[in-house]
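Student: Hi! Could you walk me through this structure? I'd like to ask things as they come up.

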Amino acid sequence: MNYELLTFIWFLLLGVLLTGYAILDGFDLGVGILHPFIAKDDRERRLVMNSIGPLWDGNEVWLVTFGGALFAAFPVAYATVFSSFYTAFYLLLTCLIGRAVSLEFRSKVHSPTWRKVWDVGFFLSSFTAAFLLGVAGGNVMAGMELGPKYEYQGNLLSQIYWYPLMVGCLTVSLFALHGAIFLYLKTEDELQDRIRKVITKLFYVFAVLYLVVSVATFVHVPHATENIANYPILWIVPLLNALAVLNIPRAMHLGKPGYAFFTSSMVIAALATLFSVAIFPNFMLSTLDPAYNVTLDNARSSQGTLQTMLIIAVIGMPCVASYTVIIYWIFRGKVKLDSNSY
Amino acid sequence: MDVEILSRLQFAGTIMFHYLFPPLSIGLGLQLFLCELAYYRTRNPAWEAAARFWTRVFAVNFAMGVATGIVMEFEFGTNWAAYSRFVGDVFGSALAAEGIFAFFLESGFLAVLVFGWDRVGPKMHLFSTLMVSLGSMFSAVWIVIANSWQQTPAGYHIVWQDVQGEMMPRAEVTSFWGMVLNPSSVDRLTHTLMGAFVLGAFFVASVCSYYLLRNRHHDVAKRCLSIALPTALAFTLLSAITGHDSAQKLVETQPAKLAAMEAHFHTSDQPTGLTLFGWPDAENETVKFGVKVPYLLSLMVYNDPTKPVPGMDQIPEDERPPVWLPFQMFHLMVGLGTLMIGVAGLACWFWYRGTLIEKRWLLWAVVFMPIAAMTANQAGWITAEVGRQPWIVYPSVQDGVEMMGLKTADGLSESVTAQQVLSSIILFSIIYSLLFAVWVFVLNNKIQHGPESAEELTQYKRKLKKESMAENFSRSGKALGGDMLDGGEQ
């Protein structure tokens, strides 16, 4: 297979992994963000946590595999992205550890204080993780101070300004909305009624942020629309994105929460696609000099490795898809507490 | 302190902490599978109680392994960007294969293993346990391959790339299978897996011995011991054999590491003796208080007592690893290994005679063996990793062509400052100390609570069946032990 095509396929596959991660971990991060506000007593908190109990670990694997695949297919991009976001990534890792252990340890001891501590930990780590992912995305969109030989010359403070912060807020609201719809599917009775009200409010918050960030991107990130201007067919992405956003309240109104969940997944997929379209053919843009950009061409592995990896992916991904389906099937239906729950 | 020292400290610290958990998961996974297989074959509720109990212990440990493992994957990019660019073509594919072939398998079926007891049938549950256990082994396979490639690289060549006007080298794969089956990956993998199986077997044996000493959970403890003791003996013996194989290869592939492990400073034409213990002093190139057995090192390395082994003086001065740490850690590992073979052998013997329960001293010895196994695993890791310094990727010779390696000092991220690394070390020291405390606390809770008895379990299942809906059970229910439902709070 030709090298250019292989490179592009790997760019697409990474997009698929990142989208898969955002859709799947998106809802469980959202559940973590909503957890202290929705559940009233310990039983409800456990219901909320156990709605994602068997699923969150597998969801997080998408991020781990994305990291591994980026390392293998575009090692330069991997090295540059992670060393540039040094401090932010350590905070993100702290959050991911915090989430894992909050879930795992919360119900292991019968003490209200113990549980409260892990509840706070679960919320804070979910919220911060979602926010940091958004901030990182915003920075990558807008470009960063990359110097010669892919070395980052900025610092943590140059990553924190209004645009990435707004993208961070957008991500938090999107995941919270996505998580709320998921919880609506998994719960019953009074708890479900409460979630229904929250969905409406979250939708308004998200919709406003969505508009604001869209306008901000036009103003602040002019290169984001270049690809769309060059290939007008790509207009279909933002268009479908907007339609998907509007379809969420419609689906909820029609009383089809499963359809609403599918729609919010599509919103995430469309946003991830827009992100990829905006940065293509780069991974990271240098605000100092375009010659320092990390591009698909200068970041990729050898043709042999991309080929081997494609074989690995072709064998592995159907297996992954089948386990995912099996697990979601086994744990389908409303969440119930039993002796094995958190 | 400079970025290099700090980054090395950080990597060593985070990976040693991480490495507490995966070997235990791998080892415990196998024991859990054997227990569940026994349940599947006999349908005896006592086996089920045992399997459910080990599942809970396994889950706590697995969560820690996952949480600390994610850190490792990103640390290559954050702290070792130059290294990542150099090896990405090779190392990345192993890491990606681990994600696709191992992590998805483990994490998917872990859900069924932990949460599926009352949802799927015994056959599906047994299958899930097998998948989780295999997944954790596959994960070891790819990680050990990636590590081994750095120690004995093969199947690659060096390509010089123009990076904005400067030519920079990087390794590119020429043969995938050559990379995977590099000269040390098989030996290293079998030795690593055996180390993990030893830890798992001793962990189960330890908890069961503790129950026998405390006169609790007799039925489950005896059953599990009948699996754990023989496997502990078999795996300790196998790890001695695989370890010996690994060490023998070093004279070809990493003579500097071998010389460091044995504190063998001076080459001579005489047969080489083996230093049993001592205090190596690299500056004066001597071993203080050393006790040496003549001929033994030559015999061990070459199966020939007269052939001399090359010493540290054969290695260029700027390519010599530290000696003290690899020497002591290697000897500690071998010493603990011998101790474990002894304890496992004795325990099996008295078990066979039916008198183990009377030998309280031996039961106590078994109780402490997981610490020995864990220490041996860590010590082996330190020997392997410190012994390869100053190389992060060893130079190698392929088809007569010398391939360049990469020194640890050249693998760093240039954009990262000492300040940043230091703050992440402080942050992670705090988090990891807390985690460790919580892990010990929760694990202890689980062990103190112990398995349900067969009757309790049968009753629980009958009730579950009758009320069919688990939630009703939770509302009406008397909690079944500390791990079961806490219905009392409503």
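Student: Is B:Asp187 buried or exposed?

Tutor: B:Asp187 is buried, because its relative accessible area is 11%. Buried means under 20% relative accessible area, exposed means over 50%, and partly exposed is in between (1.4 Å probe, protein chains only). This is a predicted model, where local features need pLDDT of at least 70 and side-chain atom pairs count only at pLDDT 80 or more, while totals for chains, interfaces and linings use all residues. Residues are numbered from 1 along each chain as its sequence is written, chains are lettered from A and ligands numbered from 1 in the order in which they are written, and side-chain values use heavy atoms, with hydrogens and water left out.

Student: Which residue forms a salt bridge with B:Asp187?

Tutor: That is B:Lys249, and the closest N and O atoms of the pair are 2.4 Å apart. A salt bridge here is a side-chain nitrogen of Lys or Arg within 4 Å of a carboxyl oxygen of Asp or Glu. The two residues sit in distant parts of the chain, 62 residues apart: B:Lys249 in helix H8 (residues 218–253) of chain B and B:Asp187 in helix H7 (residues 185–213) of chain B. Helices (H or I, at least four residues) and strands (E, at least two) are DSSP runs, numbered from the N terminus. B:Lys249 counts as partly exposed, because its relative accessibility is 39%.

Student: Why would two side chains pair up like that?

Tutor: Side chains of opposite charge can pair when their charged atoms come close.

Student: How many salt bridges are there over all chains?

Tutor: A search of the whole structure finds 21. One of them joins A:Glu44 and A:Arg194, with the closest N and O atoms 2.9 Å apart. That pair also links distant parts of its chain, with A:Glu44 in helix H2 of chain A and A:Arg194 in helix H8 (residues 189–220) of chain A, 150 residues apart. A:Glu44 is buried, because its relative accessible area is 5%.

Student: Which residues are linked in a network of salt bridges?

Tutor: A:Asp42, A:Arg45, A:Arg106, A:Arg115 and A:Asp119 are linked that way.

Student: New topic! How many residues of chain A are in contact with chain B?

Tutor: 78 residues of chain A are in contact with 88 residues of chain B; contact means heavy atoms within 4.5 Å. The two chains bury about 7,300 Å² between them, 68% of it on carbon and sulfur atoms. In chain A, A:Tyr86, A:Tyr90 and A:Lys149 lose the most area to chain B, together 10% of what that side buries. Buried area is the accessible area (1.4 Å probe) that two parts lose on being put together, summed over both.

Student: And which side chains meet in a salt bridge between chains A and B?

Tutor: The rule finds one salt bridge across that interface. The side chains of A:Glu151 and B:Arg85 meet there (3.4 Å, N to O).

Student: What kinds of residues are on the side of chain A that touches chain B?

Tutor: They divide into 43 nonpolar, 20 polar and 15 charged. Ala, Val, Leu, Ile, Met, Phe, Trp, Tyr, Cys and Pro count as nonpolar, Asp, Glu, Lys and Arg as charged, and the others, Gly among them, as polar.

Student: Where does UniProt list a "transmembrane region" in chain A?

Tutor: The unreviewed entry lists several spans, including residues 117–140 and 160–181 of chain A. UniProt positions are given in the numbering used here, feature names are shortened, and annotations may be inferred rather than shown by experiment. In this model, residues 117–140 of chain A are 100% helix and 0% strand, with end C-alpha atoms 34 Å apart. Residues 160–181 of chain A are 91% helix and 0% strand, and their end C-alpha atoms lie 30 Å apart.

Student: Last one: which peptide bond in chain A is cis?

Tutor: The bond from A:Phe280 to A:Pro281 is cis, with omega near 0°. A:Pro281 lies in the loop between helix H11 (257–279) and strand S1 (282–284) of chain A. In chain B, the peptide bond from B:Gln389 to B:Pro390 is cis too, with omega near 0°.
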